[in-house]
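Visitor: I would like a close look at a single part of this model, with the charged side chains as the way in. Please take it slowly and keep the answer connected.

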Amino acid sequence: HQTGGLIGRIDQNVYDSYATGNVVSNSSYVGGLVGFANAIENSRSTGNVTGSSDTVGGLAGYTYQSNNSRASGNVKGGDRTGGLIGQGGNWTISNSNATGNVEGTSRVGGLIGYYSGGTLTTSYSTGTVNGTSERVGGLFGETAGGTITASYATGAVTASSNAFVGGFVGYNNSNISGSYTT
């Protein structure tokens with residue numbers, strides 16, 4: 001059910017770690033480094049990630065926190081697919097980035113597919129984002145609250161549907177300031 005390049009699931013934190021191999025799984029909660037972790041700090045993943053279900057990310061399928069972490073592989077998944085994290089937030093995400101291209105169905109983002117809220121700052125994504133359904137954005141597919149500051153997205157965004165598509169976020173419920181897209 002949970003697959004990662006280093007760890008499938010850990011109900012603790014991951015520090016100073018990395019994974020370089022490609023990850024392919026038919027489960028949900030799939031990540032280049034971890035499928036699920038409470039928090040990730042000073043870590044990275046470089047392999048491509050493919051999940052046939054939901055909650056797929058270049059670094060983590062699901063995590064509450066990411067600090068000073070990055071993912072550079074391409075990511076392909078279903079609902080809640082992100083270049084860095086499939087579903088994340090509630091705590092703090094800072095100084096984190098994703099540079100790979102992202103493909104998914106709904107709630108697809110260059111950095112995070114579904115952002116649960118909390119605080120996100122100084123993070124970015126540069127890859128292209130493609131969604132086959134709704135809620136598709138350059139940095140986030142969907143946000144559910146919290147505060148987003150000093151972050152940006154530079155990749156092209158395309159979606160098969162015209163429902164909730166944006167250069168920064170597809171469907172927003174967060175406070176955003178000092179952020180941009182190009």
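Which residue's side chain meets that of E142 in a salt bridge with an N to O distance of 3.9 Å?

Guide: The partner is R107, whose side chain meets that of E142 at 3.9 Å, N to O, where a salt bridge is taken as a side-chain nitrogen of Lys or Arg within 4 Å of a carboxyl oxygen of Asp or Glu. A word on the basis: this is a predicted model, in which local features need pLDDT of at least 70 and side-chain atom pairs count only at pLDDT 80 or more, while totals for chains, interfaces and linings use all residues. Residues are numbered from 1 along each chain as its sequence is written, and side-chain values use heavy atoms, with hydrogens and water left out.

E142 lies in strand 24 (residues 140–143) and R107 in the loop between strand 17 and strand 18, so the pair ties together parts that are 35 residues apart in sequence. Strands here are DSSP runs of E with at least two residues, and helices are runs of H or I with at least four, numbered from the N terminus. E142 counts as buried because its relative accessibility is 9%, whereas R107, at 22%, counts as partly exposed; buried means under 20% relative accessible area, exposed over 50%, and partly exposed in between, with a 1.4 Å probe and protein chains only.

R107 also meets D79 in a salt bridge, at 2.8 Å from N to O. That pair links distant parts of the chain, since D79 sits in the loop between strand 12 (75–76) and strand 13 (81–82) and R107 in the loop between strand 17 (102–104) and strand 18 (108–109), 28 residues apart. D79 is buried, with a relative accessible area of 18%. E142, for its part, forms a salt bridge with R135, the closest N and O atoms being 3.1 Å apart, and both of these residues are buried. Salt bridges that share partners join D54, D79, R80, R107, E134, R135 and E142 into one network. By the same rule, the count comes to seven salt bridges. As for the charges of the chain, the mean positions of the 7 positive and 8 negative ones are 3 Å apart, with Lys and Arg counted as positive, Asp and Glu as negative, and His and the chain ends not counted; each charge is placed at NZ of Lys, CZ of Arg, CG of Asp or CD of Glu.

Six strands form an open sheet in the order 4-8-12-17-22-27, with parallel pairing, two strands being paired if DSSP finds at least two bridges between them. Its edge strands, each pairing on one side only, are strand 4 (23–25) and strand 27 (157–159). Strand 27 runs parallel to strand 22 (residues 129–131) and is joined to that strand by three bridges, V157 being the bridge partner of V129.

Across the chain, 54% of the 182 residues count as buried. Among contacts with a separation of 6 or more, 77% come from residues 24 or more positions apart, a contact meaning heavy atoms within 4.5 Å. Along its principal axes, the C-alpha trace spans about 35 × 30 × 20 Å.
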